[in-house]
Structures are given as structure tokens and as C-alpha cells.
Amino acid sequence: MPQTARFLPLVLASALALALPAIVLPTQSLAQAVGVSITVAPPPLPVYAQPIIPAAGYFWVPGYWAWGPAGYYWVPGTWVLPPAVGLLWTPGYWAWVDGGYFWHAGYWGPTVGFYGGIDYGFGYFGVGYLGGHWDHDHFFYNRAVNNFGHVHITNVYNAPVHNLAVTHVSFNGGHGGTSARPSTAEQAAFAQRHADPTAVQMQHEHAAAGNHSSLASVNHGRPAVAATPRAASFTGAGIVHSRGGGVPQHQAPAVHRAAQPGGAPRPAHVNGGAHPAPHGATPHAAPAAHEAPPHPQGGGHDDHGGGHGDDHPHP
């Protein structure tokens, strides 16, 4: 029988082993929009730097556009504790299907699955995850795509990512979306037993939904709070502002009832699908990088709370 997820203690910086339950109960995402299609595309991904990791053991969850009664709103990228040892985060994504945009909710699982070929950055470049990997009960971080600041992280390696084209596309399919299709391995990852977003992630999304400045109609695709080191905390030290981004469409969005649930993938088209790269490998044709590699000793804070960045327009 599944065990109820419990809040996780902070992990000492010198040790990355996590004492975690094996299974968590499912939850529902606001962004999931089950049974609803939206006819206006989500805005392009905003430009922002990654805030400093709070402590060893935290995982990066990239920001995304969610849908609410007032339209699209930005859910800031943040660091969270995983629900169990060995689990990795597969981000959610919007996809154009049969005349509307549907949300495919993110999930935790032993393998990173398909997330629409969306380049969320910080290790999520459209295929797989290059930000780190599990070795038994220890997680090892890729220094090249994670911002440690002055936090001491013991289990690290350095695998720079090269030859990435910049893109801010926030949806799959349709006009102007990514053309990625799930590979056989990515379909298998979704079929594996996995866990829905944690209670902390849900709290984070609810907090974003209640923040008026998160609305795309208010921030014009450039949210004031683009990322935060602590989930559901949108003020104080470490908050990262967006440095640019696209402007959403201005026509009133139409919403239609539909049979396709937003949290479940459509039947996959395997031909032409992207294939996950092994941990630490350099992809040859992956979508864009969304951050500058952090400095080895954690220097180079930006103007908005310690995240690293470069001069290119990307999250």
C-alpha cells in the first residue's frame, strides 16, 4: 500500500543521502486543465537566472505558465525536495491537440520522460535532464547547470553543455510550437509508476495563482518574480526577477470543453522523437540553454537575488 508523503528534513550539505518514503499519494495540479482546451497559446518563456540552491538535497523545478480563470499566470521556478530517493522531476508542458492547448502535468519518476521538447533550461534542455543523477541513495549535481552560490555541495561533477540554440517556445505542436515527439524510452518513462507534484509544489502553484502580478495580462510575459529559492515564498532575499521575455497574445482566450484530459499524453508518435542523452553527455541537437554555467566557487550573483546568468535572452 502506498505510504503518505511526509515533509522532508533539510539535508546536511556534507551528505546527500535522503531518508524519504518510497511512494507518495497523487495530487491535482491547477495547471492541468483536465478536459479543457484553450485556444490562445501560452506566452514565450521569460528570461531569468537560477536562484541559489537552499541546501544539498534540493531539486530544481523550472517555472511554467499555468492557466486560471483570469488567463495564463507564471509559476516561478523553484527548488524543492523530492518525494523519495531515486526520483527525478519531469516538467509539465502545453501541447496543441485537436484545436486547443492542453496541459500535460509534470511528475516524479525514476526516469525523466517527455516534456514536449520545451527548453526550460538549467539542465532541462528539451530532452532528458543534464542537471544531475542518482547514484544509489546519493544525488550528484552537475556544477555546469546548477547555481550553488556559497552553499557547500559535496557530490558534484562538471559536464558543460555546448552547441545549444536559444529558444523560448513554451508549447509543443501547432503553429510555432516545438516539433518534438516522445521516443520509445520517454513513453516507457511515463508508463512507469510515478508520483504527482508534492504538497509543497501544489502550495507553490496556488500561491502563484493568487499573485496578481503573475498574470500574463499584467506582466506582459515578464513576471516580476520569475524564480525563488523557496517554494511559495515570493518576497525576500534570493528572489529572481525576469530580465525579458515574449509578449502574450492580446485577444480574449476562448475555452472549450474537450474529452482529452490535460494530464495524460496523447498517443505518441515515435518517428522523429527526441532521445534522452545519458547523464553528463553533451546533446548534439538539443534546444537552447537557459542559463550561464555557475562559477565553480559560487561567485557572480545577479542583481535580483544571487542567480547566475549571462547576456543572452533566456530563462
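Tyr-93 has His-104 of strand 8 as its bridge partner. The model here is a predicted one, where local features need pLDDT of at least 70, side-chain atom pairs count only at pLDDT 80 or more, and totals for chains, interfaces and linings use all residues. Residues are numbered from 1 along each chain as its sequence is written, and side-chain values use heavy atoms, with hydrogens and water left out.

**The hairpin**

Strands 7 and 8 make a hairpin with two residues between them, and Asp-98 in the turn has a positive phi of about 50°. Strands are DSSP runs of E with at least two residues, helices are runs of H or I with at least four, and both are numbered from the N terminus. Strand 8 (residues 100-104) is mostly covered, with five of its five residues buried. Buried means under 20% relative accessible area, exposed means over 50%, and partly exposed is in between, using a 1.4 Å probe and protein chains only. Gly-100, Phe-102 and His-104 point one way from strand 8, Tyr-101 and Trp-103 point the other way, and all are buried.

**Aromatic pairs**

The structure holds 23 aromatic pairs. Rings of Phe, Tyr and Trp (its six-membered ring) pair if their centres lie within 6.5 Å; planes under 30 degrees apart are stacked, over 60 edge-to-face, and the rest tilted. Two of the edge-to-face cases are set out here.

| Pair | Centre to centre | Angle between planes |
|---|---|---|
| Tyr-93 and Phe-114 | 5.4 Å | 80° |
| Tyr-115 and Tyr-124 | 5.8 Å | 85° |

What does the pair of Tyr-93 and Phe-114 tie together? Tyr-93 lies in strand 7 and Phe-114 in the loop between strand 9 (107-109) and strand 10 (132-135), so the pair links parts that are 21 residues apart in sequence. Tyr-93 counts as buried at 6% relative accessibility, and Phe-114 is buried too, with a relative accessible area of 11%. Tyr-115 and Tyr-124 are both buried. There is also one aromatic cluster made of Phe-59, Trp-89, Trp-108, Trp-134, Phe-139, Tyr-141 and Phe-148.

**Two open sheets**

Tyr-141 turns up again in a sheet, where its bridge partner in strand 12 is Val-156. Strands 11 and 12 run parallel and are joined by two bridges. They sit in an open sheet of three strands, ordered 10-11-12, with mixed pairing. Strand 10 and strand 12 stand at the edges with a single partner strand each, so one side of each has no neighbour in the sheet.

Another open sheet of three strands has the order 2-5-14, again with mixed pairing. Its edge strands are strand 2 (59-61) and strand 14 (227-228), each pairing on one side only. Strand 5 (residues 77-80) runs parallel to strand 14, with two bridges joining them, and Gly-77 stands opposite Ala-227 in strand 14.

**Asn-146**

Is Asn-146 buried or exposed? Asn-146 is buried, with a relative accessible area of 0%, and is found in the loop between strand 11 (138-142) and strand 12 (156-157). A polar atom of the Asn-146 side chain lies 2.8 Å from the backbone oxygen of Gly-131. The Asn-146 side chain also reaches the backbone oxygen of Asn-142 at 2.9 Å. Asn-146 and Gly-131 are 15 residues apart along the chain, with 6.7 Å between their C-alpha atoms.

**The whole chain, and where to be careful**

The protein chain has three helices and 15 strands, and 54% of its 315 residues count as buried. Among contacts (heavy atoms within 4.5 Å) between residues at least 6 apart in sequence, 72% join residues at least 24 apart. The chain exposes about 13,200 Å², with carbon and sulfur atoms supplying 58% of it; the areas come from the Shrake-Rupley method with a 1.4 Å probe.

As for pLDDT, the predictor's confidence in each residue from 0 to 100, the chain averages 75, and 66% of the residues score at least 70. Over residues 1-34 pLDDT stays under 50, and the model has 89 contacts beyond four places in sequence for them. Residues 248-315 also stay under 50, with 202 such contacts. Where pLDDT is low, the predicted coordinates should not be read in detail.

Methods. A polar contact is a pair of N or O atoms within 3.5 Å; within protein, one must be able to donate a hydrogen and the other to accept it, and residues adjacent in sequence count only if both atoms are side-chain atoms. Two strands pair if DSSP finds at least two bridges between them.
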